[in-house]
Amino acid sequence: MASAKEGKLALIIFAVAIFFSYAHPYHIHPYRTFYHDLIICLGLLSAMAFFVIRPSSVSESEFESTSGFAPASRTAVRLRFPALLALPGGIILLILLQVALGMITPASFVALPILYLLLFALAMVFGSSLALEQSRLDMAVTAIALASLLAASLSLVFQHIQILGLDATPVVMYIAKDPHIPMRPYANVAQPNQLALLYFFALAGLWHFYRTRTFSGFSSIAIAALLLWGAVLTQSRIGWILVPLFFAYTAGKLGASKRKGTPVIIAMLALVILYAVLTFCLPQISQAIGFSGGSVADHVGGRSERTGLWQTAWQLAAQHPWLGVGWFGFGPGQVSVGADFTSSTYAEHAHNLPLNLAAELGWPATILIMGGLCWWFYQTCIRYGKATDKAAVKSAAENHAKSTALQFCTLSLFAVGVHSMVEFPLWYAFVLIPVGVLMGMVHQLRWPAAGTVVRPGIVLAGFAIGCILLAAVTLDYQRVVTGFKSIRDVSSGFESKEKFLQKPAFTLFPQFFEYFKLTRIKPREGMSAEEITYIETWAPRFGFVHILNIEAEVYTLNGQPKKAARSMQTLQRLHPIPYPEYYDYWKAKGKEDPRYQTVFETMPARDAP
């Protein structure tokens with residue numbers, strides 16, 4: 001095992017990566033979290049490399065006395081490869097099967113998902129290996145909890161900078177204030193629901209620091225109140241479930257320890273009431289502060305975009321029950337059936353983890369994955385957690401440390417589990433990888449093992465290969481970013497640099513170069529069958545409003561009015577807000593061209609819901 005110094009350095013690197021994956025302000029189109037993900041990926045690889053380093057000053061006698069292994073194993077390290085690896089491994093095999101069956105084309109689509117799943121597996125190994133020793137488990141939980149708490153605290157400051165309408169770029173993302181449009185300040189996370197998830201990770205970390213007596217009860221209550229205020233500002237509905245769930249779980253843990261926890265429970269209940277009051281009174285509070293905040297009634301009674309997404313996912317899973325539509329196929333699948341449902345929004349995932357898996361992998365795999373995860377969670381966090389709490393009451397500090405570590409992991413997994421029912425947070429590496437580390441730690445606690453001897457050189461070689469791969473992916477992605485900049489230059493009246501829009505011989509992002517080609521297609525009469533087929537092939541991959549409109553115009557001008565009508569129906573269902581603009585466009589075109597008029601007469605009303 002690595003020395004204490006290297007172990008601490010590895011955890012510091014990983015914690016810093018977690019912090020900056022949430023705190024840095026650059027979200028670059030088209031994958032706006034690409035550099036957030038890159039930071040945590042590099043953090044994991046670097047942490048793993050430092051974790052296996054052993055200082056050369058260790059003598060053979062010291063090695064034998066501390067490790068129990070023969071001198072021949074001096075350069076080896078012990079890593080734990082948990083049975084949990086079957087989860088990412090099984091998904092990878094299923095994705096490769098979909099590629100082999102021709103369900104995913106081109107095959108390069110799967111390179112990035114497989115890379116993420118491999119890193120997820122590595123995170124599980126890292127977490128399990130950290131938990132081989134109690135001291136490193138304590139350090140790991142403290143490091144991850146502190147990183148989450150610091151990132152959330154900084155995000156709270158950034159939220160208030162955004163509320164005040166201050167321009168603090170490039171340090172803080174800027175949001176223009178409009179007193180008539182509800183604002184959901186998202187700090188540098190750039191997605192309110194993801195920011196809310198960070199706040200609940202931070203609350204889990206705060207509970208850990210309270211239970212280890214790092215923070216006093218008073219300071220813990222004060223910090224918790226601030227974090228809950230930040231969660232209220234995001235206006236994310238996951239808090240409606242997680243706040244009472246966190247209260248029930250933590251109050252139960254106070255009772256299990258037989259401490260005189262009544263004052264603490266009363267204080268936590270006051271926090272729950274405070275959260276409810278702030279949530280209901282946000283419109284009035286926000287008006288007094290100087291911005292517009294949404295009300296509970298708006299969130300409950302407004303148009304539910306997720307309902308449409310879930311209906312779509314269910315339909316896709318029903319049409320393709322065994323293997324799904326293919327990994328990352330929800331977006332094109334939604335375009336194919338979107339016209340058959342009520343208005344929603346275009347999305348690349350179903351905003352619900354089980355339904356997204358069902359749509360893309362099929363029901364058998366989904367039932368196996370979700371059933372297995374639920375069983376694993378019950379065995380580790382619930383059943384074993386209760387046993388650990390009882391042991392902690394009766395005996396040593398080691399049992400108490402295990403109990404507090406397990407409670408932090410359980411709260412964090414509660415948070416990501418609830419969030420996964422309304423979002424797809426595990427799509428992002430900066431959520432997926434820390435969760436993988438936590439899962440690995442919990443697995444080792446529940447089913448302890450001695451680990452497997454691995455020579456550091458193998459791990460360090462993997463680190464070098466991983467860094468090279470991430471550098472190659474980043475350079476490849478930068479070509480895509482440059483292409484989008486060139487497209488924007490054209491829309492701004494500048495000359496396009498054609499070389500940036502041409503698909504290279506090899507790329508992991510071929511779809512974006514096809515998108516560049518789609519945007520330059522001008523609908524006209526007499527288009528060849530090959531051109532129309534090309535549009536039919538790639539337009540569903542980008543169910544954006546302008547792409548669907550191009551598709552409809554191509555159909556209209558080439559004698560396929562029924563297909564054009566369905567495209568416009570899909571456009572209205574997936575983009576109800578900008579639809580009136582396109583309604584007016586088709587109305588005007590219909591007065592000039594009877595072909596447009598034929599399609600226009602079948603289109604939904606301008607104010608269709």
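Helices α21 and α22 cross in a left-handed way. Keep in mind as you look that this is a predicted model.

**Helix α21 against helix α22**

- The axes of α21 (residues 529-538) and α22 come within 10 Å, crossing at roughly 150 degrees.
- Angles over 145 degrees count as roughly antiparallel, and therefore α21 and α22 are roughly antiparallel to each other.
- On the α21 side, the contact is made by Ile532, Ile535 and Glu536, which meet Glu551, Val554 and Tyr555 of α22.
- Sorted by type, the residues of this contact between α21 and α22 are four nonpolar, two charged and no polar.

**Helix α20 against helix α22**

- Helix α20 (residues 510-519) packs with α22 (residues 545-557) at an angle of about 55 degrees, and their axes are 10 Å apart.
- Because of that angle, α20 is oblique to α22.
- The crossing of α20 past α22 is left-handed.
- Which residues make the contact between α20 and α22? From α20 they are Tyr515, Leu518 and Thr519, and from α22 they are His546, Ile547 and Ile550.
- This contact of α20 with α22 has four nonpolar residues, two polar ones and no charged ones.

- Helix α14 (residues 330-337) is largely enclosed by the rest of the structure, because seven of its eight residues are buried.
- The buried residues in α14 are Phe330, Gly331, Pro332, Gly333, Gln334, Val335 and Val337.
- These buried residues of α14 pack against α13 (305-319), α15 (353-361), α22 and α23 (561-574).

**Cysteines**

- A disulfide is a covalent bond between the sulfur atoms of two cysteines.
- How many disulfides are there, if a pair of cysteine sulfur atoms must lie within 2.5 Å? The count comes to zero.
- Cysteine 41 is in no disulfide, and the nearest cysteine sulfur, that of cysteine 467, is 11 Å away.
- Is cysteine 41 buried or exposed? Cysteine 41 has a relative accessible area of 3%, so it is buried.
- Cysteine 374 is in no disulfide either, and the nearest cysteine sulfur belongs to cysteine 381, 12 Å away.
- Cysteine 374 counts as exposed because its relative accessibility is 52%, and the cut-off for exposed is over 50%.

Technical notes
Residues numbered from 1 in each chain as written. Predicted model: local features only at pLDDT ≥ 70, side-chain atom pairs only at ≥ 80, totals over all residues. Heavy atoms only, no water. Axes fitted to C-alpha atoms, helices over the stretch in contact; angles between N-to-C directions. Helix = DSSP H or I, 4+ residues; strand = E, 2+ residues; numbered from the N terminus. Parallel < 35°, antiparallel > 145°, perpendicular 65-115°, else oblique. Left-handed = near helix turned anticlockwise from the far one by under 90°. Contact = heavy atoms within 4.5 Å. Nonpolar A, V, L, I, M, F, W, Y, C, P; charged D, E, K, R; others polar. Disulfide = S-S within 2.5 Å. Buried < 20%, exposed > 50% of the residue type's maximum accessible area, 1.4 Å probe, protein only.
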